[in-house]
Amino acid sequence: MKKIAIIGYNLFSIGGTTRNNINQLKNFVENNFDVFYFNFTFFNQTDIRNLLVSEPTLKKVHFREINDFFENQQPRDLDIIIISRESLFPLSELLRSFYSDAVILGEIHTPLALLKKIYGLKYFTAIRVATKKIKKEFESKYHYQNVFVKTVNANHICWSNEKFQFKKTNNFLISSRFSEDQKDIIYALKIFCNLKKQGYNKFHLYLMGTGPDKRIYQHYIKENHLQDMITFTKKIPENYIYLSTAKYETFGYSIMETIAKGHLVIAYVGDDFSIKDIYNDFPSVFWIKKENILSDAKCLIKASQTKLTLNEYRQDKKYFDKLTYGENYNDEFNKFLLELKNLSVNSINVDQKEIQKIKKQIQEELGPLNANLVIKIYHYLMQNKLFGNLIIKLKNIIKK
């Protein structure tokens, strides 16, 4: 039985990379690999049990800590290793010394514009990116040629075989981490401020998510008297148009999930146009450019007057299958891994000094590898609902 491992930052959180990693782990389990997952952040048995409630297929996965590699407690004879976070790429040198013949694949999930220096490329068998455009830019920026285009695993997305009752709606939804650096949700609020000025008071924006910049949005909504048009919610409305103003997306799971549910999408073309490259042919997607707020507001008005047809929904499914290989994704990705076996990388030896250098590079980006007792106690207490809510309230008071 072949052994395969995924190395990631935190499988027990939300996000697109987490979703891709879970989908890939399920794929490998179903294909009878001996599957390992190495997590950077601290986790315990409660985290694993909670994950298995929603993903029972992962019961066969061996959950380990990344620090195992530095403590010489790594599994023997791994055949395939996937590093799913760019700040963990320095590990490739250490892994190449342990597993000279293994396929070591690096995945690019962060927009290239946000990436800093990448370490360890020469120790990888190959790098995987989402689009041809990203491939070209990566090859040029990093002078590295073994770059392949494969979309993320979207096997969790379900399409309906039933006939939808498509409806027009004035409801809009943003489901996202509240982080302005990448998501630019404040621009969506500005659009709704403009709609209010035009008299479109019946339009409503639901904001669903968590993150450090929620207070910025609360302040803007209050200052511009938008309380009747914008609300925070934990429940998705029955009928809505999905709105994405993110500056960068490498795939956009939330966009694809929304399309599969039969809803229209309005998306910003992206600072790097990567998201436009992916979804340009989908009839259910409208585009805003952030060049003129009045023009973008008109896009929302137009979408609210549009009713998706069954034929358009079927076209969306057709483009989805073309993009992600549909039901054949697992087979295609496994073939891809086999093809990589033909790409050779020289074996190396790494001394203790180099190991410490690798560890330092990772910790400078992500913090300490080995969580100390204080961090472990804090993590344990945060799982207590009463204590966790108290800490969150204290953090919000400090921020104010």
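Mentor: First, terms: two strands pair if DSSP finds at least two bridges between them, and strands (E, at least two residues) and helices (H or I, at least four) are DSSP runs numbered from the N terminus. This is a predicted model, so local features need pLDDT of at least 70 and side-chain atom pairs count only at pLDDT 80 or more, while totals for chains, interfaces and linings use all residues. Residues are numbered from 1 along each chain as its sequence is written, and side-chain values use heavy atoms, with hydrogens and water left out.
Trainee: OK, what's the strand order in the open sheet?
Mentor: E3-E2-E1-E4-E5-E6-E7, seven strands with parallel pairing.
Trainee: Which strands stand at the edges?
Mentor: E3 (62-65) and E7 (147-149); each has a single partner strand, so one side of each lacks a neighbour in the sheet.
Trainee: And how many bridges join E1 to E2?
Mentor: Six, between residues 3-8 and 34-39. Ile6 stands opposite Tyr37 in E2.
Trainee: Switching to helices: how do H4 and H14 cross?
Mentor: At roughly 145 degrees, with the axes of H4 (91-98) and H14 (352-366) coming within 9 Å. Axes are lines fitted to C-alpha atoms, for helices over the stretch in contact, and angles run from 0 to 180 degrees between N-to-C directions.
Trainee: Which residues make the contact?
Mentor: Leu91, Glu93 and Leu94 of H4, plus Glu354, Ile355, Ile358 and Ile362 of H14; contact means heavy atoms within 4.5 Å.
Trainee: What does H4 touch on the sheet?
Mentor: E1, E4 (80-83) and E5 (103-107), and the direction of H4 makes about 175 degrees with that of E4.
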